[in-house]
Amino acid sequence: MKKDATVIAQTQSKAASNADLFGIAGAVLLGLTLLFAAGFAQANVLHDTAHDMRHAMSFPCH
Amino acid sequence: MTQPMTCATPCRSPATKQMLKQILTSAVFAGVAAGVLAALLQLWLVVPLIMEAELYESGARVHFATDGSTQSDRGAPSVWEEPLRHIYTIGFSAVTFSAYAFLLVAGFALARRFGHEVTVRGGAVWGLCGAIVVALAPAVGMPPELPGAIGAEVGPRQLWYLLCVLCTIAGLGAIAFGNSGIVALIGAVIIAVPHLIGAPHLDTYFGVAPAELASEFVARVLGVAAISWVLLGLFAAMFWTQQEDL
């Protein structure tokens with residue numbers, strides 16, 4: 001029974017660690033998407049409205 | 001034997017939820033707070049210089065005029081003239097810092113997986129490293145540019161910027177978390193790689209704004225980046241550790 005509990009505990013920690021990875025990957029993806037839109041996309045509307053922020057935050061602007 | 005079995009399924013879901021909530025709340029609260037404060041600092045210190053440089057970009061002011069004079073008037077237009085423009089700046093600053101916050105908090109979570117718990121004081125150091133990654137290191141090869149500065153094509157410059165950011169993250173990570181001098185040394189070499197390759201530059205100088213204005217701008221951009229990022233790191237670590245205690 002102790003052995004079973006260990007196996008289950010290991011499975012749980014593996015599941016939790018997969019959940020961790022899922023969360024980390026999601027955060028990275030969301031961060032990169034927002035960053036691309038605000039800092040790098042060259043669409044005119046985005047470029048004009050984000051203009052001062054891009055210069056002020058040292059993104060290559062135009 | 002049945003007792004642990006009943007725990008196996010329900011335990012997984014709250015752990016996942018807790019983790020996602022911790023990432024989401026830390027990143028959004030810290031990102032918006034640091035982003036708005038960063039924008040206020042920029043409106044005070046940086047945006048007036050951008051607006052002054054635009055006078056040279058448009059030709060309203062001329063430095064090195066045809067009469068041979070190198071003098072031009074000093075002074076920026078008032079930031080109160082175009083309120084909508086600055087509201088956009090505040091908004092985009094909040095979005096950008098939220099994006100940084102998501103990446104920073106992902107770093108916190110990754111560090112925790114390898115047994116490095118983040119503290120509030122540690123958060124300030126994480127923040128300072130963030131400023132080095134996105135502002136200081138790229139500025140060594142490609143200083144922040146005033147409007148009107150003519151540089152190489154924007155595509156290659158963006159690529160070099162991203163390369164520099166990635167190399168600096170990898171290098172600082174090796175220095176911070178590597179367990180030996182050799183790993184730290186390799187980290188330092190990785191940080192140097194984009195600078196050895198060299199940022200894209202033109203063969204000639206084209207600047208229309210006075211050199212004093214450009215240098216003041218660069219110094220202030222880097223200073224504001226350092227302060228804003230330290231605040232971001234502190235805020236993110238505060239929310240992160242608070243959620244940890246729940």
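How many residue pairs are in polar contact between chain B and chain A? The count is three residue pairs, both residues being at pLDDT 80 or more; a polar contact is a pair of N or O atoms within 3.5 Å, where within protein one must be able to donate a hydrogen and the other to accept it, and residues adjacent in sequence count only if both atoms are side-chain atoms.

The model is predicted: local features need pLDDT of at least 70, side-chain atom pairs count only at pLDDT 80 or more, and totals for chains, interfaces and linings use all residues. Residues are numbered from 1 along each chain as its sequence is written, chains are lettered from A and ligands numbered from 1 in the order in which they are written, and side-chain values use heavy atoms, with hydrogens and water left out.

**View 1. The interface of chain B and chain A.** Chain B contributes 49 residues to the contact and chain A contributes 38 residues (contact: heavy atoms within 4.5 Å). About 3,800 Å² is buried between the two chains, 73% of it from carbon and sulfur atoms; buried area is the accessible area (1.4 Å probe) that two parts lose on being put together, summed over both. The rule finds one salt bridge across this interface, a salt bridge being a side-chain nitrogen of Lys or Arg within 4 Å of a carboxyl oxygen of Asp or Glu. A:Asp52 pairs with B:Arg85 in a salt bridge, with 2.6 Å between the closest N and O atoms.

**View 2. The side of chain B that touches chain A.** Among the elements that give two or more residues to this side are helix 1 (2–45), helix 3 (83–113) and helix 7 (211–245) of chain B (helices are DSSP runs of H or I, at least four residues, and strands are runs of E, at least two, numbered from the N terminus). Helix 3 of chain B gives the most, with 19 residues. By class, this side has 34 nonpolar, eight polar and seven charged residues; Ala, Val, Leu, Ile, Met, Phe, Trp, Tyr, Cys and Pro count as nonpolar, Asp, Glu, Lys and Arg as charged, and the others, Gly among them, as polar.

**View 3. The largest nonpolar core.** A nonpolar core is a set of buried Ala, Val, Leu, Ile, Met, Phe, Trp, Tyr and Cys residues joined through side-chain atoms within 4.5 Å; buried means under 20% relative accessible area, exposed over 50%, and partly exposed in between (1.4 Å probe, protein chains only). The largest core has 46 residues, and those touching the most other members include A:Phe59, B:Phe97 and B:Trp229. Helix 1 (2–40) of chain A is one of the elements that supply at least two residues of this core, while helix 3 of chain B gives the most, with eleven residues. Leaving out residues up to four places away in sequence, A:Phe59 touches residues including A:Leu35, A:Met53, B:Tyr100 and B:Tyr161.

**View 4. A:Ser58.** This residue is found in the segment after helix 3 (51–56) of chain A. Phi of A:Ser58 is near 60 degrees, a positive value in a residue other than glycine. Most residues other than glycine have a negative phi. A:Ser58 counts as buried because its relative accessibility is 9%. Not counting residues up to four places away in sequence, A:Ser58 touches B:Val134, B:Ala135, B:Pro144, B:Tyr161 and B:Val221.

**View 5. B:Trp240.** B:Trp240 lies in helix 7 of chain B and counts as buried, at 0% relative accessibility. Residues touched by B:Trp240 include B:Gln22, B:Val105 and B:Phe108, not counting residues up to four places away in sequence.
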